[in-house]
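User: I would like to learn how to read single features in a structural model. Please take them one by one, with the general idea first and then the case at hand.

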Amino acid sequence: MDKVLKLLPQQAKDKHNENKKFFAKLRKKPPKNLDYIMQELHASEFERTDCLTCANCCKTTGPLFTDKDVTRIAKYFKMKEQAFIETYLRIDEENDYVLQSVPCTFLGADNYCSIYEVRPKACREFPHTDRKKFQQISNLTLKNVAICPAAYSIVEEMKKRIR
């Protein structure tokens, strides 16, 4: 996995323009069955991919924390919401709650998440490749293929299927 992660940013960069053009076309005229295709590709990829061998998303990026996430996780820690925010979060340039630092505070050395049952919505949905109206999040996907080997594979397979 280390080798894959080392090569991934360059592979994503090499495919960036191709992917950008593909997504522009996809936004203009998405196939009627796009959601079905994406859910199928996502399910197929995650039958092969074990996130615990990677956790690159947790090591290199931080999720956004919604107000519901803050409430749920603070309750899990038996903390007041404001104390949770002050301990773990900061407000970013877009006025969203994000982690104070990466790698994620809640990621263990074994790549397990210590708050997995109550993790933020952004973590539960990452890499967002099975999302409905997938074509609407192409900018996010372009970023995620450089972070997540599974997202990279899904996009490559999607381009073969939809061309």
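Analyst: We can start with one residue. This is a predicted model. His-128 counts as buried because its relative accessibility is 8%, and the cut-off for buried is under 20%. His-128 sits in the loop between H6 and H7.

User: What is the phi of His-128, and is it positive or negative?

Analyst: Most residues other than glycine have a negative phi. His-128 is not a glycine, yet its phi is positive, about 65°.

User: How do I read peptide bonds, and which residues does a cis bond join here?

Analyst: Most peptide bonds are trans. Here a cis bond joins Val-102 and Pro-103, with omega about 0°. Pro-103 belongs to the loop between strand E3 (97-99) and helix H6 (121-125). The bond from Phe-126 to Pro-127 is also cis, with omega near 5°. Pro-127 is placed in the loop between H6 and H7.

User: How many disulfides does a search of the whole structure find?

Analyst: The search finds zero. Cys-51 is in no disulfide, and the nearest cysteine sulfur, that of Cys-148, is 6.4 Å away. For Cys-113, the closest cysteine sulfur is in Cys-104 at 6.1 Å, which is too far for a bond; the cut-off is 2.5 Å. Cys-51 counts as partly exposed, at 46% relative accessibility. Cys-113 is also partly exposed, at 29%.

User: Now a helix. What span should H8 have, and how far apart are its end C-alpha atoms?

Analyst: Helix H8 covers residues 149-162, which is 14 residues. At 1.5 Å a residue the helix should span 20 Å, and its end C-alpha atoms are 20 Å apart, so the two values agree.

User: Is H8 mostly covered or mostly open?

Analyst: H8 is mostly covered, with ten of its 14 residues buried. An α-helix has 3.6 residues a turn, so residues three or four places apart point the same way. Among the buried residues of H8 are Tyr-152, Val-155, Lys-159 and Ile-162. The buried residues pack against helices H1 (2-28), H2 (34-48) and H7 (138-144).

User: How do H1 and H8 cross, and which residues meet?

Analyst: The axes of H1 and H8 come within 10 Å and cross at roughly 35°. This crossing is left-handed. On the H1 side the contact includes Leu-8, Ala-12, Phe-22 and Leu-26, and on the H8 side it includes Pro-149, Val-155, Met-158 and Ile-162. By class, the contact of H1 with H8 has twelve nonpolar, two polar and four charged residues.

User: Is Lys-159 buried or exposed, and what does it touch?

Analyst: Lys-159, which lies in helix H8, is buried, with a relative accessible area of 2%. Lys-159 touches Lys-15, Glu-18, Asn-19 and Phe-22, leaving aside residues up to four places away in sequence.

Terms used:
Residues are numbered from 1 along each chain as its sequence is written. This is a predicted model: local features need pLDDT of at least 70, side-chain atom pairs count only at pLDDT 80 or more; totals for chains, interfaces and linings use all residues. Side-chain values use heavy atoms; hydrogens and water are left out. Helices (H or I, at least four residues) and strands (E, at least two) are DSSP runs, numbered from the N terminus. The expected span of a helix is 1.5 Å times one less than its number of residues. Buried means under 20% relative accessible area, exposed over 50%, partly exposed in between (1.4 Å probe, protein chains only). Contact means heavy atoms within 4.5 Å. Axes are lines fitted to C-alpha atoms, for helices over the stretch in contact, and angles run from 0 to 180 degrees between N-to-C directions. A crossing is left-handed if the near helix is turned anticlockwise from the far one by less than a right angle, and right-handed if clockwise. Ala, Val, Leu, Ile, Met, Phe, Trp, Tyr, Cys and Pro count as nonpolar, Asp, Glu, Lys and Arg as charged, and the others, Gly among them, as polar.
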